[in-house]
Structure formats: structure tokens, C-alpha cells
Amino acid sequence: MADNAAEARVDQSLVARVLLGNDRRAFEQLLRRHQGTVRAQLRRLLRGDEAAADDLAQETFLLAWRKLDQFRGEAKFSTWLYRIAYSCFLQVYRKRPWPAGDADMDEVEPSPATSHAVNLQLDFERGMQQLSAAEQTVLLHCVQLGLSHDEAAFVLAMPLGTVKTHATRGKAKLKAWLAAWDETATEEQTP
Amino acid sequence: MSHQHDDAIEALLRKQFDGPVSDEGFSERVMRLLPPRRQRMAWPLWAGVGMGMGACWLSLLFSPLLHAGWRNWMRGELSASAFALLLAIAGMSLLASWWSMAEADDR
């Protein structure tokens, strides 16, 4: 928590250096600090399409450079960047269908395990494909990127209640999808 | 849903996530593409301030209250009109200070 606050203060001071002194080096530091997570966010949203994700990430940072004076510090700088990245993603994919997942994984029933951990992970991937786009997006931001529900609501421009509902519903669906694994584990434990 | 199940699902979700992507020249590419930063133009703000002051001056130019207040103030008489003038100046100064402090705080 203290680390997060310290990181946020570093970001704030770098932003101030860019705005007051037109300091490109300060922006480069911001870029290097956040490019990894923004690109990871976009790669997940684009289902692993690295080239398209990097193009959008580039667009995100160019927009952040142009609109930096609109960053008022109400949210963390990283959250503000996630929001720009998500808006860029929506602008590109609003008129196109949502990026499709791995075709091999669609509509496959959970199979009995041979190598438990690998199969569980594969089955979990299949389970993720069963979730709606909104549920996947909310779980990406809330769990995988570690944002709070409030921050996710800001990034996704969704009401807080909707974010919470998608998170709960998504986890419930994954739990139901993986129920067979619980039964298998119980059967293995009983002699 | 139990907390234990939530934790297990969240652990699987985190495991599935590859984490931050390594730079591999991305930042350099973006820095090369950055356009020069445009300085925010100051003239619209000052033009607005000037026009506002001009409009105030025009609207108060023929007001007897302003003239009487100013005259009394210069003579050192604290009449009602001089007092109103002082109050107006003090109020505007306070507003300007508050605005400056709010702007400084945002930076």
C-alpha cells in the first residue's frame, strides 16, 4: 500500500516535470515504468495479438503525451493510462467483432486429467472463453491487473455496481466450469 | 460463493496472466514518434480577463455609487459607498487567491 502511494507520488512528480518543464526524459521514464502493464492489458484484450496490441499501446502513449495536461491526479497515472488504452481498444473494435479466442478451445467439454496442473490450466482457459466479453474484461482488470473495483469502473467507464456484478458472475461461472475438477480431486482422495 | 473458491479462481486467473511485457525497444520507438509538445496558449485567458475588466469598468463608469465611494475613500472617510467598494475589492482578491491556490494544488 505504501509502495503504491510512493509509486503514485513518483508518477505525479514526473508528470509535473513534463508539464512545467516540457521534459521529454521525464515522459520517457513514465513510458518505461508503465509500458509493460499497458501492453500486457492490450495483449489480453486482443487475445494475444502482440502486433496489434503494440500498435494500440503506441497510440495510447502518444495520446497520453498530447493530453497530459488533462491528467488532474484524481486517479493514479497507471489507471489513467489503462483508461486511455481501453478507449483506444474500443475505438478500433467498436465496429469490428470482439477479437475471437483460440478456435480449438471453443465448445470443448472438460476432459479427464492426465497431467493435473497442465490440464487444469487448459480447462481454465476454456472456461474463460465461456465468459462474456464484459466478464472477461472486468476479471482482467480487477484480478489480473490488480485494480480495485472503483479503479476498474473508472478504466472501463462502467458503473461500480456493474463491475462488481460482472466480477461475481464471472467467478461463479468459472467455479461452475471447474466443478468437475473438485469432484475428481474428491474421488482421488477417497480410497 | 465461498472465499476459498474465490481465492482459488483468483489464483488461477493470476497464473494465467503473463504479467508485464518486457520493453524490447518499445519505449525508444515511441519516444522517436513523440511530436513537439504544444505550449498551452495564454492569450485567450488574458483576453478574457481584459474583456471582463473592461465590461466591469464600462458598467460601473456612470454609477454614482462608485464615484462617491472612490471620492470618500481618497478623503479617508469610511462612508457606506467607500465600505462597499472596499468589500468588493477584498472579495475579488480573496477569490483570486483561492483560485491561485486551487490551481497550484492541482499541479
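Okay, let's start where the two chains meet. About 3,700 Å² is buried between chain A and chain B, and carbon and sulfur atoms give 61% of that area. Keep in mind that this is a predicted model.

So who touches whom? On one side we have 44 residues of chain A, and they're in contact with 32 residues of chain B.

Between chain A and chain B you'll find 2 salt bridges. One to look up on your screen is A:K171 with B:E10, where the closest N and O atoms sit 2.6 Å apart. As a general point, oppositely charged side chains can pair when their charged atoms come close. Polar contacts show up too: 12 residue pairs across the interface of chain A and chain B, counting pairs with both residues at pLDDT 80 or more.

Now, which helices of chain A supply at least two residues each to the side that touches chain B? They are α1 (2-21), α2 (24-45), α3 (50-66), α5 (116-130), α6 (133-144) and α8 (160-177). The largest share comes from α2(A), with 12 residues. And if you sort that side of chain A by class, you get 22 nonpolar, 8 polar and 14 charged residues.

Over all chains, the salt bridge count comes to 13.

Last stop, the surface of chain B. There's a nonpolar patch there of about 860 Å², made by B:L45, B:W46, B:V49, B:M53, B:L95, B:W98 and B:W99. Two helices of chain B, α3 (43-61) and α5 (80-106), each supply at least two of the patch residues. Which one gives the most? That's α3(B), with 4 residues.

Note on methods: Residues numbered from 1 in each chain as written. Chains lettered and ligands numbered in written order. Predicted model: local features only at pLDDT ≥ 70, side-chain atom pairs only at ≥ 80, totals over all residues. Heavy atoms only, no water. Contact = heavy atoms within 4.5 Å. Buried area = accessible area lost by both parts, 1.4 Å probe. Salt bridge = Lys/Arg side-chain N within 4 Å of Asp/Glu carboxyl O. Polar contact = N/O pair within 3.5 Å; in protein donor to acceptor, adjacent residues only side chain to side chain. Nonpolar A, V, L, I, M, F, W, Y, C, P; charged D, E, K, R; others polar. Patch = residues over 30% accessible without salt bridge, like charges linked within 9 Å, V, L, I, M, F, W, Y side chains within 5 Å. Areas by Shrake-Rupley, 256 points an atom, 1.4 Å probe, with all protein chains shown as cover.
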